[in-house]
Amino acid sequence: MFKFYGAKHRLAALYPVPTRSVIIEPFAGAAGYAVHWRNAADRVILVEKDERVVELWQRLLAMPVDELLELPTPEAGERSSDLLVAFAAGRTTRDTPKTFTVTSRMAERFNPMRRRIAESLDECRHFELVHGDYRDAPNIEATWFIDPPYQPTGVGRPDRTRGGRYTHSNANIDYDELNGWTQSRRGQVIACDQEGADWLQWNGAIAAQDTSSRGYREVFWERC
Ligand SMILES: C[S@@+](CC[C@H](N)C(=O)[O-])C[C@H]1O[C@@H](n2cnc3c(N)ncnc32)[C@H](O)[C@@H]1O
């Protein structure tokens, strides 16, 4: 939906196609997979632990497209408390205090992101948001797209590497438990991480680029 650190919107089309009419993303973020398949799903359930991310979703889902397009364009140097402005530049909630100074990157990237949101927003009005833990998702027959913060792989400082940069980061996830929980979901399951993660027996891979355009491999496990 919106730009989000670790979002899968660019890769969404490369993952297996959903085979169920309900899509559940229990680590929602900006829900790149569900947004990509928004017109194929009768029901979409998003679970997200970060309250500020949930509030942003709720605000957007209640906002007419005209109102979104009329939001003031942020200018570098001014103060803002709009998370959408910070997200335009790839910030996470952990990097973003309630009020922050708009950078030139945020100012440049806000309008293209806003246009992209405006294109899909009306087709996402049926999305249901749950503020909670991934384990709160109902275990119903669905296509599950499970995209947790990347498991630590030992490279770099844990709070600066990919899965460590969220307010609710990989440090709080028990990946053995996540493995059992993932395998017990009903329906089609697609779970992903980066190469080097070992909490599942991956059976697919995708070439990807991170926000700094560095190449890496995304791995996934699918059970139909
Ligand atoms: C890799 S991101 C998901 C990106 C998403 N697939 C997208 O396209 O934007 C992981 C998300 O899981 C959330 N999260 C972390 N721990 C969680 C938990 N225990 N339950 C639910 N969500 C959690 C983080 O706040 C973050 O938004």
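Predicted model: local features only at pLDDT ≥ 70, side-chain atom pairs only at ≥ 80, totals over all residues.
**Exercise 1. Work out what surrounds the ligand and which polar atoms lie close to its own.**

Step 1: start with the shell. It holds 23 residues, and the closest are Lys8, Ala30, Gly32, Glu48 and Asp147.

Step 2: sort that shell by class. You get 11 nonpolar, 5 polar and 7 charged residues.

Step 3: go through some polar contacts, for which the N or O atoms have to be within 3.5 Å. Asp147 puts a polar side-chain atom 2.6 Å from a ligand nitrogen.

Step 4: check the cover. On its own the ligand has 610 Å² of accessible area, and the protein covers 98% of that.

**Exercise 2. Find the buried residues of helix 2, say what covers them, and look at how the helix starts.**

Step 1: helix 2 runs over residues 51–61, and its buried residues are Arg52, Val53, Val54, Leu56, Trp57, Leu60 and Leu61.

Step 2: now look for the cover. Among the helices it includes helix 1 (32–36), helix 3 (65–70), helix 4 (83–87) and helix 5 (104–120). Strand 2 (43–48) and strand 5 (127–131) also contribute.

Step 3: go to the start of the helix. There, a side-chain oxygen of Asp50 comes within 3.1 Å of the backbone nitrogen of Arg52.

Step 4: Ring pairs put Trp57 in a cluster with Phe2, Phe4, Tyr5, Phe87, Phe127 and Tyr166.

**Exercise 3. Count the aromatic pairs, then classify Tyr15–Phe220 and Tyr175–Trp199.**

Step 1: the count is 16 aromatic pairs.

Step 2: take Tyr15 and Phe220. Their centres are 5.5 Å apart and their planes make an angle of 70°. Over 60 degrees counts as edge-to-face, so that's the label here.

Step 3: Tyr15 sits in the segment before strand 1 (22–25) and Phe220 in strand 9 (residues 215–223), 205 residues apart.

Step 4: buried or exposed? Tyr15 has 3% relative accessible area, so it is buried. Phe220, at 10%, also counts as buried because the cut-off is under 20%.

Step 5: Tyr175 belongs to helix 6 (residues 175–183), while Trp199 lies in the loop between strand 7 (187–194) and strand 8 (204–209), 24 residues apart. Both Tyr175 and Trp199 are buried.

Key
Residues numbered from 1 in each chain as written. Heavy atoms only, no water. Near = heavy atom within 4 Å. Polar contact = N/O pair within 3.5 Å; in protein donor to acceptor, adjacent residues only side chain to side chain. Areas by Shrake-Rupley, 256 points an atom, 1.4 Å probe, with all protein chains shown as cover. Nonpolar A, V, L, I, M, F, W, Y, C, P; charged D, E, K, R; others polar. Buried < 20%, exposed > 50% of the residue type's maximum accessible area, 1.4 Å probe, protein only. Helix = DSSP H or I, 4+ residues; strand = E, 2+ residues; numbered from the N terminus. Contact = heavy atoms within 4.5 Å. Phe/Tyr/Trp six-rings, centres within 6.5 Å; stacked < 30°, edge-to-face > 60°.
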